[in-house]
Amino acid sequence: MSSTFDWQDTPAAVWRRHRSGLRAIRRLDPVRWDALTGIDRQKAALARNTERFLAAEPCNNALLWGARGTGKSSLIKALLNRYWQQGLRMIEVDKDDLVNLPEIVDDICEQPFRFVIYCDDLSFDVGETGYKALKSVLEGSLELPPENVRVYATSNRRHLMPEFMSDNLKSEVRDGELHPAEAIEEQVSLADRFGLQLSFYPFSQQVYLQAVDALFPDVADREALHLEAIRFATAKGVRNGRTAQQFYRQMAGDGRFR
């Protein structure tokens, strides 16, 4: 696979199961790093980790978890746009294709570039086993994971796996110490392999309006803009970066907000 794949001019690829190979991503999302607002802490932490990765210094796999629409996926896309000319490359792998992850990694481990395996909206239900292949890439098995590969995943679940009240009821207290049930240990063990975990929360109204302002930099009547933006978010029932983007797409052609 890698022998015929030109990574020099290809920033990113996606794994296609029907062809059992990679396809270059032809139209990258152009989201800019500076356009992401309200998540400065997360941006700084992920940039620092990635810069260490590019410099071949100790760094972690990263899990971005939290509320929907708060910029988790956009942050990773912007990361590629910011660093690909410094040698960062990205491979998107769907959760259902994680069984192929060891083979994908085998084919890029000798490449001179630094690869982020990107898993978007990652979570596992009861009975799924795809996470076992992910575990081997995160921490290795008998063979250590390659130094030029890291996994960056996004998820709405902190532990990536479902958590049930019945699991907690099976925990025991022995000699004054809490011993979690085996199901809880299994749930936590996967997320624990991500050394960098960044949490994302719904936007306050102030942060939401900052995101709107960034999308409408030339609008003079901020009061009218904010009033419409608040109405839009109220109708949707959520304030986040995705809502701000959707408001922009709906109102950008409005004569009032050019």
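Predicted model: local features only at pLDDT ≥ 70, side-chain atom pairs only at ≥ 80, totals over all residues.

## Asn-61, a buried loop residue

Asn-61 is part of the loop that runs between helix α1 (40–54) and strand β3 (62–66). Its relative accessibility is 8%, so Asn-61 counts as buried, the cut-off being under 20%.

The side chain of Asn-61 comes to 2.8 Å from the backbone nitrogen of Val-151. Leaving aside residues up to four places away in sequence, Asn-61 touches Leu-138, Arg-150 and Val-151, together with Arg-193, Phe-194, Gly-195 and Leu-196.

## Ile-108, a buried helix residue

Ile-108 belongs to helix α3, which covers residues 101–108. With a relative accessibility of 0%, Ile-108 counts as buried.

Which residues does Ile-108 touch, not counting residues up to four places away in sequence? They are Trp-7, Ile-91, Phe-115, Ile-117, Asn-148 and Val-149. For Asn-148, the separation along the chain from Ile-108 is 40 residues, while the C-alpha atoms of the two are separated by 8.3 Å.

## Salt bridges

Side chains of opposite charge can pair when their charged atoms come close. The structure contains seven salt bridges. One of them joins Asp-29 and Lys-77, with 3.7 Å between the closest N and O atoms. Asp-29 sits in the loop between β2 (21–24) and α1, whereas Lys-77 sits in helix α2 (residues 72–83), so this pair ties together parts that are 48 residues apart in sequence. Asp-29 is partly exposed, with a relative accessible area of 36%, and Lys-77 is also partly exposed, at 32%.

Another salt bridge links Arg-52 with Glu-57, where the closest N and O atoms are 3.4 Å apart. Arg-52 has a relative accessibility of 34% and counts as partly exposed; Glu-57 is partly exposed as well, with a relative accessible area of 38%. Arg-231 and Glu-228 also meet through their side chains in a salt bridge, at 3.1 Å from N to O. Both residues lie in helix α8 (residues 222–236), three residues apart, which is about one turn of the helix. Arg-231 counts as partly exposed, at 49% relative accessibility.

## The largest pocket

Rolling a probe the size of a water molecule over the atoms shows where empty space is left. The largest pocket has a volume of about 820 Å³. Its lining consists of 31 residues, and those nearest the centre of the pocket are Leu-36, Ser-74, Gly-241, Arg-242 and Gln-245.

Which element supplies the largest share of the lining of the largest pocket? Helix α9 does, with six residues. At least two lining residues come from each of α2, β6 (149–155), α7 (205–215) and α9 (241–251). Sorted by class, the lining of the largest pocket has eleven nonpolar residues, eleven polar residues and nine charged residues.

Definitions and conventions. Residues numbered from 1 in each chain as written. Heavy atoms only, no water. Helix = DSSP H or I, 4+ residues; strand = E, 2+ residues; numbered from the N terminus. Buried < 20%, exposed > 50% of the residue type's maximum accessible area, 1.4 Å probe, protein only. Polar contact = N/O pair within 3.5 Å; in protein donor to acceptor, adjacent residues only side chain to side chain. Contact = heavy atoms within 4.5 Å. Salt bridge = Lys/Arg side-chain N within 4 Å of Asp/Glu carboxyl O. 1 Å grid on protein atoms, 1.4 Å probe; cavity = no way out; pocket = protein on both sides within 12 Å on 5 of 7 lines; lining within 4 Å. Points joined across faces, edges and corners; volume = space filled by probe spheres on them. Nonpolar A, V, L, I, M, F, W, Y, C, P; charged D, E, K, R; others polar.
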